[in-house]
Amino acid sequence: MGMGKAYIGVADDSAAIFMNPAGLGQISSIQLHSMQADLIGDIDYLSVGGVMPLGSGTLGISMLRASVADIQITELDNNFRAKVVDNVTYTDSLYVLAYGLPVTGYYNSLFKANLPGKLYAGISSKYYQRGVAEISQGSGANIDLGLLYKMDQTWSFGVAQKNALITPVIQWDTGAVDQMIAYTSFGVAYRVDPKWVLTSDYDFSFSNKRKALLHLGTEYSFNELFQGRFGWEEVNDAIGSKTYSHFTFGFSLGIQGFMVDYAFQDYYQDQANTAHFISLKYSFDN
């Protein structure tokens with residue numbers, strides 16, 4: 001978040017579950033994570049999950065939930081005046097099971113090549129559930145596919161295909177159908193030195209008319225205890241015909257396996273829409 005979501009070419013921690021599952025293949029320890037935020041003053045945002053080395057790769061599992069509580073349901077009384085008859089909560093949940101692994105050896109065997117560096121591949125299976133339990137609910141499933149190529153200690157490249165199934169939909173119990181947007185993200189990361197990395201991502205869709213989006217970010221590790229981040233990103237409006245840009249920043253504080261992350265985003269250039277993300281991660285290898 002603090003790097004403007006420019007992460008496809010890095011993907012080196014449990015956030016790879018959502019951004020680029022191929023990055024899970026380079027994680028060799030058990031990690032647990034949780035993130036919380038209050039978006040635009042109304043939406044409670046929560047994510048929990050973890051990763052664990054399994055077989056030749058690493059397994060990741062996570063849940064992301066956004067909810068809006070105290071939505072008033074009204075009806076007209078005998079005098080045609082609105083009266084509140086119920087308070088409900090709208091919930092949008094995403095459950096993810098992902099796996100990533102190194103595939104350099106497979107690539108070299110298949111193409112009779114000697115690829116320099118390291119190549120990783122990954123897949124995320126996703127299940128969506130959203131709506132109001134008392135009124136209507138919808139659900140659907142999809143997958144993300146990813147590749148990550150670390151050419152050397154300086155350059156790395158990534159690509160992720162989000163919602164890769166041909167007919168990505170949310171099916172509602174009313175019979176209505178919502179389309180999921182399938183899009184591709186390309187990412188590149190350049191490590192200036194072991195402490196400083198520059199990143200860039202580009203998102204676009206072949207099947208949707210939404211404008212392509214650019215993400216730029218940087219991270220600097222002052223020491224093992226403190227890392228600072230800065231970013232700039234474009235986001236679509238609700239329709240997708242316009243884009244807005246904003247700056248982001250964040251930092252991490254770590255000690256004895258624990259890492260606390262903070263990120264700030266100013267959505268749609270509106271002070272009222274600023275969001276503060278707080279996350280906690282624990283790695284068992286420390």
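Here is a quick tour of the charged pairs in this structure.

This is a predicted model, so to speak of local features a pLDDT of at least 70 is needed, side-chain atom pairs count only at pLDDT 80 or more, and totals for chains, interfaces and linings use all residues. Residues are numbered from 1 along each chain as its sequence is written, and side-chain values use heavy atoms, with hydrogens and water left out.

Side chains of opposite charge can pair when their charged atoms come close. A salt bridge here is a side-chain nitrogen of Lys or Arg within 4 Å of a carboxyl oxygen of Asp or Glu. The whole structure has 6 salt bridges, including these:

| Pair | N to O distance |
|---|---|
| E233 and K5 | 2.9 Å |
| D13 and K281 | 3.6 Å |
| K126 and D144 | 2.9 Å |

Start with E233 and K5, which form a salt bridge. E233 sits in strand 13 (residues 226-236) and K5 in the segment before helix 1 (16-19), so the pair ties together parts 228 residues apart in sequence. Helices (H or I, at least four residues) and strands (E, at least two) are DSSP runs, numbered from the N terminus. E233 is buried at 0% relative accessibility, while K5 is partly exposed at 24%. Buried means under 20% relative accessible area, exposed over 50%, and partly exposed in between (1.4 Å probe, protein chains only).

D13 and K281 are both buried. As for K126 and D144, K126 is buried at 8% relative accessibility, and D144 is buried at 3%.

Salt bridges that share partners also join E219, R229 and D261 into one network. D261 lies in strand 15 (residues 258-266) and is buried, at 16%.
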